[in-house]
Amino acid sequence: MPEGDSVYRVAAHLHEALAGQALTSADLRVPAHATADLTGRRVLEVAPRGKHLLTRFEGGLTLHTHLRMDGRWEVYRPGERWTGGPDRQIRAVLGTDRGTAVGYRLPVVELLRTADERRIVGHLGPDLLGPDWDPVEAVRRLLARPGRPVVEALLDQRNLAGIGNVYANELCFVAGVTPWTEVGELPHPDRLVERARQMLEANKLRPGHITTGDTRPGYQHWVYGRAGRPCPRCVTPVVAGRQGAPPRDRAVFWCPYCQRGPAPDVTTARPGRGGAGRPPGR
Ligand SMILES: [Zn+2]
């Protein structure tokens, strides 16, 4: 699942390539819109909203796309070879004189009236990278169901829009709580929400979802993807597990020393790993 900063970057890239240009070709390869003809329309803008991409055309039309797990948009110069995947994976093509945007493996390709966008994105919480970012409202929504595990509440796009699993795990670490901690137990939800915004803001123009400030490979995250490796803060081995009920469960990572709260028994969760105990003196 892409994080909001990745979607922001895709939108910026598409906007730069398409905005202000008239479409010289347009092809939506989904049954509902296969006959839609957008040729000749000017692209007004490409805007991210949480993890949704909204490409707006003159005449009051919007193309809504979502990348989900492995969708992507690529932009090619005239004559350049398309390399994003086999032809059968192409879901949308938007061509202008300057270049062509090709959407691969997009699970959502939907043409709607711009006036109806609320139907698509109206349920979303405050957008961490949006012009209308509202931290007070984000906290209010997060705490509306205080018994939910923090990681789950952070991932719920109705609370705040833009957080994927990398940031959800990293935010639990910086808050010093395990992913299973009830969101109502967070010591400073306002600070957590602010950290979330800072993380996405810092990464919206670069790849990697870097949360530690260290861009070296292997040092970019506190706990995410670092099972068995030392916690950067206390050197206790980071632990991996699953949170939630299948099939909607997710990978979680945490430091059993730095993060307080409920968690599966570390020694039984990772048999044979060992070394996950607390450092001496605590
Ligand atoms: Zn630690």
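1. By class, four nonpolar, three polar and three charged residues make up the lining of the second largest pocket. The model is a predicted one, and every value below is computed from it. The space in this second largest pocket comes to about 160 Å³. Its lining consists of Pro2, Ser6, Arg9, Val10, His13, Leu67, Gly71, Arg72, Trp73 and Glu74. Two or more lining residues come from each of helix 1 (4–18) and strand 5 (72–76). Helix 1 is the largest contributor, with four residues.

2. Strand 5 also belongs to a sheet. Four strands form this open sheet, in the order 1-6-7-5, with antiparallel pairing. Strand 1 (25–28) and strand 5 are the edge strands, each pairing on one side only. On average, neighbouring strands here are turned by 15° against each other, direction ignored. Strands of a sheet pair through backbone hydrogen bonds, in either the parallel or the antiparallel sense.

3. Which residue of strand 7 stands opposite Glu74? The residue is Val102. Strand 5 and strand 7 (residues 100–104) are paired in the antiparallel sense over five bridges.

4. The whole structure holds one cavity of 30 Å³ or more. The volume of the largest cavity is about 30 Å³. A probe the size of a water molecule, rolled over the atoms, shows where empty space is left. The residues that line the largest cavity are Gly4, Tyr8, Pro48, Gly50, Asp127, Leu129, Ala161, Gly162 and Leu200. In terms of class, this lining has five nonpolar, three polar and one charged residues.

5. On charged pairs, the count comes to 19 salt bridges. One of them joins the side chains of Arg56 and Glu117, at 2.7 Å from N to O. Arg56 is part of strand 3 (residues 52–57) and Glu117 is in the loop between strand 8 (108–113) and helix 2 (118–121), so this pair ties together parts that lie 61 residues apart in sequence. Are the two partners buried or exposed? Arg56 is buried, its relative accessible area being 18%. Glu117 is buried too, with a relative accessible area of 9%. The cut-off used for buried is under 20% relative accessible area.

6. Arg141 counts as partly exposed because its relative accessibility is 24%, which falls between the limits of 20% and 50%.

7. Glu201 and Lys204 make another salt bridge, with 2.7 Å between the closest N and O atoms. How do the two residues of this pair count in terms of accessibility? Glu201 has a relative accessibility of 31% and so counts as partly exposed. Lys204, at 16%, counts as buried.

8. Salt bridges also link residues into a network. The members of this network are Arg148, Glu152, Asp156 and Arg158.

9. Some backbone geometry deserves a look. Where is there a cis peptide bond? The bond between Pro246 and Pro247 is cis, with omega at about 5°. Pro247 sits in the loop between strand 9 (239–243) and strand 10 (250–254).

10. Arg105 is not a glycine, yet its phi is positive, at about 50°. The residue lies in the loop between strand 7 and strand 8. Val235 likewise is not a glycine and has a positive phi, of about 65°. Val235 is located in the loop between helix 6 (189–203) and strand 9. With a relative accessibility of 60%, Val235 counts as exposed, the cut-off being over 50%.

Key: Residues numbered from 1 in each chain as written. Predicted model: local features only at pLDDT ≥ 70, side-chain atom pairs only at ≥ 80, totals over all residues. Heavy atoms only, no water. 1 Å grid on protein atoms, 1.4 Å probe; cavity = no way out; pocket = protein on both sides within 12 Å on 5 of 7 lines; lining within 4 Å. Points joined across faces, edges and corners; volume = space filled by probe spheres on them. Nonpolar A, V, L, I, M, F, W, Y, C, P; charged D, E, K, R; others polar. Salt bridge = Lys/Arg side-chain N within 4 Å of Asp/Glu carboxyl O. Buried < 20%, exposed > 50% of the residue type's maximum accessible area, 1.4 Å probe, protein only. Pairing = 2+ DSSP bridges. Axes fitted to C-alpha atoms, helices over the stretch in contact; angles between N-to-C directions.
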